[in-house]
Amino acid sequence: MKIGFIGCGNMAKAIMRGIITANLFQKTDIYASDAQPEILNSFCEQQGIQVSKNAEIATKCDIILLAVKPQVFPAVLPEIAPVLNEDSLVISIAAGKTIEFIGSYIGAHKIIRIMPNLNATIGKSVSALCTNSLCNESDRQTAKRIFESIGSVFILEEKDFSAFSAVACCSPAFSFLYIDSLAKAGIACGLDKSVAYDAAIASVIGSAEMLKASEESPQVLIERVCSPGGTTIEGVHALQDEGFPGTIKKAVEASFLKDKKL
């Protein structure tokens with residue numbers, strides 16, 4: 001089985017590294033194309049995979065993974081549509097571009113839409129997956145295995161993709177902002193910069209792992225940390241008074257609405 005990547009940006013590179021590490025494909029069966037030959041050639045040479053072009057990928061490969069920006073789709077899809085094989089599996093990782101949109105260009109083909117996040121670059125992505133009616137369970141599992149090589153995968157209905165994207169795909173930036181703000185506040189209170197950032201990062205990682213391992217809700221764990229009259233409860237009250245929960249809600253809603261407009 002051959003897989004081809006149309007677009008060789010950071011996410012495509014992360015997926016290619018993932019499937020190579022997981023031994024899902026032979027390097028000789030991985031093809032890639034990109035509008036910037038210097039980036040493409042360097043990566044393909046480094047990884048030992050095949051430099052290709054869009055139409056060649058559509059002709060040769062069983063799986064065609066669309067990893068270009070959403071605004072490029074109207075140029076790329078008509079290029080590959082006439083040369084797609086009947087059994088080709090087309091996978092898109094573009095935000096906002098629905099299965100119906102892709103199908104309007106390429107016709108009756110098996111289409112899978114997947115939304116990974118930035119953490120794919122370290123094998124910790126959280127991805128959502130949905131398919132059109134032409135895909136069977138084998139197609140779903142093939143796509144799932146590919147994206148499990150870079151993290152975890154949720155199989156959802158497409159109607160939930162915008163909400164998922166806002167929560168799982170945009171939230172790494174929200175988390176980075178929180179960690180940065182937390183560390184800077186520690187520095188303002190006298191901590192050394194490196195200690196403040198390392199402590200903030202380690203605490204957030206540990207808290208996430210604690211929540212994952214626990215059978216308790218986040219609210220119960222908050223209450224467990226907040227001793228009456230203690231330091232933590234003062235900080236939590238300050239966050240609530242300043243609208244922290246509402247601000248997070250607004251951030252997710254803004255990302256959700258933007259995804260709907262793409």
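Here is a short chat about this predicted model.

User: Which residues count for local features here, and which side-chain atom pairs?
Analyst: It's a predicted model, so local features need pLDDT of at least 70 and side-chain atom pairs pLDDT 80 or more, while totals for chains, interfaces and linings use all residues. Residues are numbered from 1 along each chain, and side-chain values use heavy atoms, with hydrogens and water left out.

User: Okay, Ser52: buried or exposed?
Analyst: Ser52 is buried, with a relative accessible area of 6%; buried means under 20% with a 1.4 Å probe, protein chains only.

User: And where does Ser52 lie?
Analyst: In the loop between strand S3 (50-51) and helix H3 (54-60). Helices are DSSP runs (H or I) of at least four residues, strands (E) of at least two, numbered from the N terminus.

User: What does Ser52 contact, leaving aside neighbours within four places in sequence?
Analyst: Tyr31, Ala32, Ser33, Leu40 and Ile57, where contact means heavy atoms within 4.5 Å.

User: Switching topic, what about the largest nonpolar core?
Analyst: That core has 32 residues, and among those touching the most other members are Phe5, Ile15 and Ile91. A nonpolar core is a set of buried Ala, Val, Leu, Ile, Met, Phe, Trp, Tyr and Cys residues joined through side-chain atoms within 4.5 Å.

User: Which helix gives the largest share of this core?
Analyst: H1 does, with 6 residues.

User: What is Ile91 in contact with, beyond neighbours within four places in sequence?
Analyst: Its partners include Ile63, Leu65, Ile112, Ala143 and Phe147.

User: Which residues are in the second, separate core?
Analyst: That one has 27 residues, including Ile6, Tyr31, Ile111 and Ala168.

Note on methods
Buried < 20%, exposed > 50% of the residue type's maximum accessible area, 1.4 Å probe, protein only.
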